[in-house]
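Me: I would like to learn how to read helix packing and chain contacts. Could you walk me through a case?

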Amino acid sequence: MDGLNIPLNHILLVSSLLFAIGMLGLMIRRNIIFILMSLEVMLNAAALAFVAAGAHWGQPDGQIVFMLILTVAAAEVAVGLGLVLQVQKRFKTLDMDHANRMQG
Amino acid sequence: MLEIVLFYIAATVALVATVMAMTRANAIHALIYLIVSLLAVAVIFFLIGAPFAAALEIVIYAGAIMVLFVFVIMMLNLGEKGDKQERQWLQPSIWAGPAILSVVLLIELVMVISQTSGPVSITAVSAKEVGLSLFGPYVLAVEIASMLLLAGLVGSFHLGRRYLERDNLEKQGGQ
């Protein structure tokens with residue numbers, strides 16, 4: 001698998017496009033589930049950039065950072081979905097704007 | 001040559017699937033598009049010489065994390081009413097402003113990336129090297145990741161447990 005000739009530029013381009021789509025989704029959505037999905041897309045795009053850079057230098061560090069990103073994404077989703085259940089329970093809606101005050 | 005063609009196909013699939021996922025009204029449909037996008041990114045990982053990362057992407061992202069989403073959407077049980085509300089929230093007047101601004105930022109990013117010199121080739125990194133590095137110089141990061149996972153476990157257990165307990169209490173009160 002040595003000497004793969006996929007240009008690094010294009011991988012970074014795909015990664016930044018994915019990141020921009022994720023950021024757009026984060027801004028245009030009000031449903032908490034879609035906001036969490038957009039965060040997943042953004043983390044995934046960052047991970048793609050790390051793996052591509054690691055492949056460019058021929059070092060394993062990129063894939064290790066990818067694994068750390070995977071851990072962060074898993075922990076974030078677990079806590080975030082717990083919060084989604086609480087918001088739905090308390091406000092009877094998934095609209096983010098209803099949960100902007102920290103009342104008990 | 002083949003891998004370049006495959007890379008462009010996988011990249012197109014990933015981008016299209018992500019756009020579709022971000023614009024669906026139904027959460028389950030969006031989730032399935034998102035899984036397709038993650039699988040396409042796994043193909044890209046495989047093509048750029050990171051087979052271990054590709055396997056992790058499929059097993060953990062497309063497998064475990066997306067199943068969590070599916071369970072929560074099933075528990076919420078939104079149905080047709082949720083779809084109608086989503087369509088109402090997805091008016092162009094709402095998302096036009098953020099879209100223009102983030103496209104401007106994207107154009108800047110693309111310009112910066114394309115300024116770097118021509119085709120730069122990449123080399124494959126085997127799973128053995130990753131493993132040796134993970135439990136060599138990066139062993140502290142593994143410990144920190146395990147503590148983060150423990151914190152996530154405790155946090156989600158706390159939130160989910162209160163959700164279930166209140167449900168039971170209300171049912172008992174109703175009887």
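Reply: Happy to! This is a predicted model, where local features need pLDDT of at least 70, side-chain atom pairs count only at pLDDT 80 or more, and totals for chains, interfaces and linings use all residues. Residues are numbered from 1 along each chain as its sequence is written, while chains are lettered from A and ligands numbered from 1 in the order in which they are written.

Me: How are two packed helices described?

Reply: By the angle between their axes and the distance between the axes. Helices here are DSSP runs (H or I, at least four residues), numbered from the N terminus. Axes are lines fitted to C-alpha atoms, for helices over the stretch in contact, and angles run from 0 to 180 degrees between N-to-C directions. In chain B, the axes of α2 (residues 27-47) and α3 (residues 51-76) come within 8 Å and cross at roughly 170°.

Me: Which way do α2(B) and α3(B) run relative to each other, roughly parallel or roughly antiparallel?

Reply: Angles under 35 degrees count as roughly parallel, over 145 as roughly antiparallel, 65 to 115 as roughly perpendicular and the rest as oblique. The two helices are therefore roughly antiparallel. Their contact residues divide into 21 nonpolar, no polar and one charged. (Ala, Val, Leu, Ile, Met, Phe, Trp, Tyr, Cys and Pro count as nonpolar, Asp, Glu, Lys and Arg as charged, and the others, Gly among them, as polar.)

Me: What about α3(A) and α6(B)?

Reply: α3(A) packs with α6 (residues 127-134) of chain B at an angle of about 70°, the axes being 9 Å apart, so the pair is roughly perpendicular. A:Asp61, A:Gln63 and A:Ile64 meet B:Val130, B:Ser133 and B:Leu134 there; in contact means that C-beta atoms, placed from the backbone, lie within 7 Å.

Me: How many residues does each chain give to the contact between the chains?

Reply: Chain A gives 64 residues and chain B gives 70. On the side of chain A, the largest share, 23 residues, comes from α3(A). That side divides into 42 nonpolar, 17 polar and five charged residues.

Me: Is A:Gly54 buried or exposed?

Reply: A residue is buried if 20 or more other C-beta atoms lie within 10 Å of its own, exposed if 12 or fewer, and partly exposed in between. A:Gly54, in helix α2 of chain A, has 25 C-beta neighbours inside 10 Å, so A:Gly54 counts as buried. Leaving aside neighbours within four places in sequence, its contacts include A:Gln59, A:Pro60 and B:Val125.

Definitions and conventions: Two residues are in contact if their C-beta atoms, placed from the backbone, lie within 7 Å.
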